[in-house]
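This report covers selected local features of one protein chain.

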Amino acid sequence: MKFDAAVLRSYEDPFAVEEVILNGGPDDGEVLVRIAGCGLCRTDLAVRRSAGRSPLPAVLGHEGAGVVVEAGGPDPGLSHGDHVVLSFDSCGHCRSCLGAAPAYCDDFAALNLFGGRAENAARFTDAAGGALAPRWFGQSSFAAYAMVPARNAVRVDPALPLELLGPLGCGFLTGAGAVLNSFGAGPGDTVAVFGAGAVGLAAVMAATAAGAVVVAVDRHPERLALAEKFGAIPLPAASGGLPGRIRRLTDGGARFALDTTGSAPLINDALRSLRPRGHLGLVARLHTELPLDTGTLDRGRRLSHICEGDAVPALMIPRLTGLWQAGRFPFDQLIRTYPLAHINEAESDCEAGRVVKPVLIP
């Protein structure tokens, strides 16, 4: 079958929407999905800075949502017409997957970042027959259609606004999952969120929904205004003495802190803002050494990296849609939609901070 997709051919060039070809239908355990919308995530954009580790040309996109049009095998668990949100791929049989931690799958990098599954890789080509890197994050959903493992497709209520749901599969899942799964935050807890982008604001909304007191730190006033709208105490990053101010606002220090920035100075501030035995989670990928100031890990404080919100997507995505239906996780207020043909405008707006979460509509 032939359909349009946004192809990235080099690390410097803009995306080009062009015709691509998918040869063959779904194999056992796969589903073909007509994409209704796909979030544009900074992980997609980071491919430009991946120093050749991500094979190109490729169709990126890993926050897709759509409708199943064909299912392969006798029992893929999904059928024609199902509405699904697509999340990350995992093998399903390593120790982490069997332990309900698919984000730490032994094959996570191979399946999601560096080319996808090897089976039938050559069936996805451009119009001239040139190979395209297969299934970025198990989906390659900057396209009208995506062939995905049924394992990373989560059925959702067809009454939901399907074109907006894709970011629940990664960005929003990461922020909310860090709060609800990794921290287990609840009523009376205190959470400091550093960085009020898509992941950070999802964490703010989840912490508020959980009954926690939330402080949000960012350098953009408009992002802080959104955080305040969602129940957080806003705190400009440029203000001096951040740790002391957070400790005063949280009655002695935050129990939990989440850093979405990857900034070493802010990570040290976050550690100093914690109460004894507090926990700081990092979700951004660090590209340089992380120097820690003396004393930041004293008194039982701990630091960990959190991948994909420690979430099992099939459990977490319905939880988030349920919170949205209850008016307690208004993620749709972070989204601006763009036609797929305007993907380069969406990328520019995202990089400039003019939009929190772009969603591309094929």
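## Helix α6 and its buried face

A residue is called buried if its relative accessible area is under 20%, and exposed if that area is over 50%. The structure examined here is a predicted model. In helix α6, which spans residues 221-229, the buried residues are R223, L224 and A227. Viewed down the axis of α6, the buried residues fall within an arc of 100°, so they line one face of the helix. P221 and K229 are exposed and sit on the face turned away from that buried side.

After α6 comes G231, with a positive phi near 110°.

## The sheet β4-β1-β2-β7

Four strands form an open sheet in the order β4-β1-β2-β7, and their pairing is antiparallel. The edges are taken by β4 and by β7 (124-126); each has a single partner strand, so one side of each lacks a neighbour in the sheet. Strand β1 covers residues 2-8 and is mostly covered, with five of its seven residues buried.

The pairing can be followed strand by strand. Between β4 (residues 58-59) and β1 there are two bridges in the antiparallel sense, and L8 stands opposite A58 of β4. On to β2 (residues 16-22), β1 is joined by six bridges, again antiparallel; A5 has E18 in β2 as its bridge partner. Three bridges then connect β2 with β7, also in the antiparallel sense, and L22 is partnered there by F124 of β7.

## The α7/α8 contact

Helix α7 (residues 242-249) and helix α8 (residues 264-272) have axes that come within 8 Å and cross at roughly 35°. The crossing of the two helices is right-handed.

On the α7 side, the residues in contact are L242, P243 and R247, which meet L266, D269 and R272 of α8. Sorted by class, this contact of α7 with α8 contains three nonpolar residues, three charged residues and no polar ones.

## Backbone exceptions

Most peptide bonds are trans, and most residues other than glycine have a negative phi. The peptide bond between L56 and P57 is cis, with omega about 0°. P57 belongs to the loop between α1 (42-45) and β4, and β4 is the strand that pairs with β1 over two bridges.

The other two sites concern phi. F137 is not a glycine, yet its phi is positive, at about 50°. R299 is likewise not a glycine and has a positive phi of about 60°. F137 is placed in the loop between β7 and β8 (145-149), whereas R299 lies in the loop between β14 (274-282) and β15 (302-305).

Are these two residues buried or exposed? F137 has a relative accessibility of 3%, and because the limit for buried is under 20%, F137 counts as buried. R299 has a relative accessibility of 60%; the limit for exposed is over 50%, so R299 counts as exposed.

Terms used. Residues numbered from 1 in each chain as written. Predicted model: local features only at pLDDT ≥ 70, side-chain atom pairs only at ≥ 80, totals over all residues. Heavy atoms only, no water. Axes fitted to C-alpha atoms, helices over the stretch in contact; angles between N-to-C directions. Left-handed = near helix turned anticlockwise from the far one by under 90°. Contact = heavy atoms within 4.5 Å. Nonpolar A, V, L, I, M, F, W, Y, C, P; charged D, E, K, R; others polar. Buried < 20%, exposed > 50% of the residue type's maximum accessible area, 1.4 Å probe, protein only. Pairing = 2+ DSSP bridges. Arc of directions from axis to C-beta.
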